[in-house]
Amino acid sequence: MDSVLAWAHAAGWAVYVGGAITMEFILRYAQKTMPPSQVAVVCKNSGGRYRWFALGALLVIGVTGLAMVLRLSESDLAGRPGDPVLSLSDAYGRTMLLLSLGWVVLAGIVASMAFWMHPAQARRSRPDMTPEEIQAERRRVGIAISRMNRLLKAELYLSIAMVAVGASLRQGGLF
Amino acid sequence: MNVLDWDLVVFLEMGLRKWKDLSIGLNVLYSFIHDIAIAVYIGGAVAMEYVLNPAQRAIPPAQAQVMGQKTADRFLWLVWGSLGLILLTGTLRLERLQMLDWEWPFFSDAMTLSGSYGRTVLAMFIIWCILAINGLIITFVLRPRLAGKLSTRTSASGVAAAQGSKIQAATWVERLTRFDIVAALTAALLGVSLASGGML
């Protein structure tokens, strides 16, 4: 059971972080060679699908992470490097807290992109709009795109940092 | 104050006193790189197969082909980088766990095939070899077929044959990618089981 939970947890992180790296390293690069109208279509389609993968992966990470913590016993920890203790007085406990906070921030970022930023980019001007309204609408979409780009970068760096923090648990925690 | 002393001061300032021990830092570094490489391999394959490929179908075929080629070429760099790092850091981690040695007989007693740990590591290595072989097939057989261009002198039957060959190659790339995802997830399951002594 512990192996299955650990595997689902690792698979969740792999899909989430690997997907984020791939989207940044590959999709952003491919976009540079495409006409802007098609960039918008590809972004809408890939972003729409990716957000569900990211949210699903984060959900799996959260549920399996919590289950693993609840199943963790002192005897499990005793044989590990650094003699960790699940307490805030120990590096292991503090690192777990940092990971939990990181998960909350990542979930917040992905949820805000899925339910707020991404729909904000999909706004289109209507025929009954005045030129000023069309300009304002375009500005809003431009702002939404630049916000989205900043959040995507923050999400990418934070998720990679969380993998490093998680890796430190095998040595008894980070700090 | 030399560089090492300065590093030490910075680490102490940050409250990371335990990191004075270089071996702990190396263990974490190898684990981190290993985990990231596996994540890039699995997550990248999932994103390519289930996010980027369907997104390509939303744009005109000619542009989709250009995008497909760009994304696939770049993804292959990620795949080979990941496979290389997985093997390298996996070997280094085993060496740090004193399961491997650089001198004969190379393997510790725990790594022999009579133990679950050794059998699990062997299974993971076999899966890595399968992933590398599939990577070679995609890189050197299927991708060149997909990227092949037709000249203006190509006959109608030649065009039809080339298109058939490209469709067949694309189908095989899709099959191999899906197989690779399942194989890599199986390797990950075997990998996490090593913490409790192995699975096989």
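Colleague: What makes residues of chain B count as in contact with chain A?

Modeller: Two residues are in contact if their C-beta atoms, placed from the backbone, lie within 7 Å. By that rule, 42 residues of chain B are in contact with 40 residues of chain A. Helix 2 (22-56) of chain B brings the largest share of that side, 22 residues. Mind you, this is a predicted model: local features need pLDDT of at least 70, side-chain atom pairs count only at pLDDT 80 or more, and totals for chains, interfaces and linings use all residues. Residues are numbered from 1 along each chain as its sequence is written, while chains are lettered from A and ligands numbered from 1 in the order in which they are written.

Colleague: How do you know how many helices chain B has?

Modeller: Helices are DSSP runs (H or I, at least four residues), strands are E runs of at least two, and both are numbered from the N terminus. On that basis chain B has five helices and zero strands.

Colleague: How does the span of helix 5 of chain B sit against the expected one?

Modeller: The expected span is 1.5 Å times one less than the number of residues. Helix 5 of chain B has 38 residues and reaches 56 Å from first C-alpha to last, close to the expected 56 Å.
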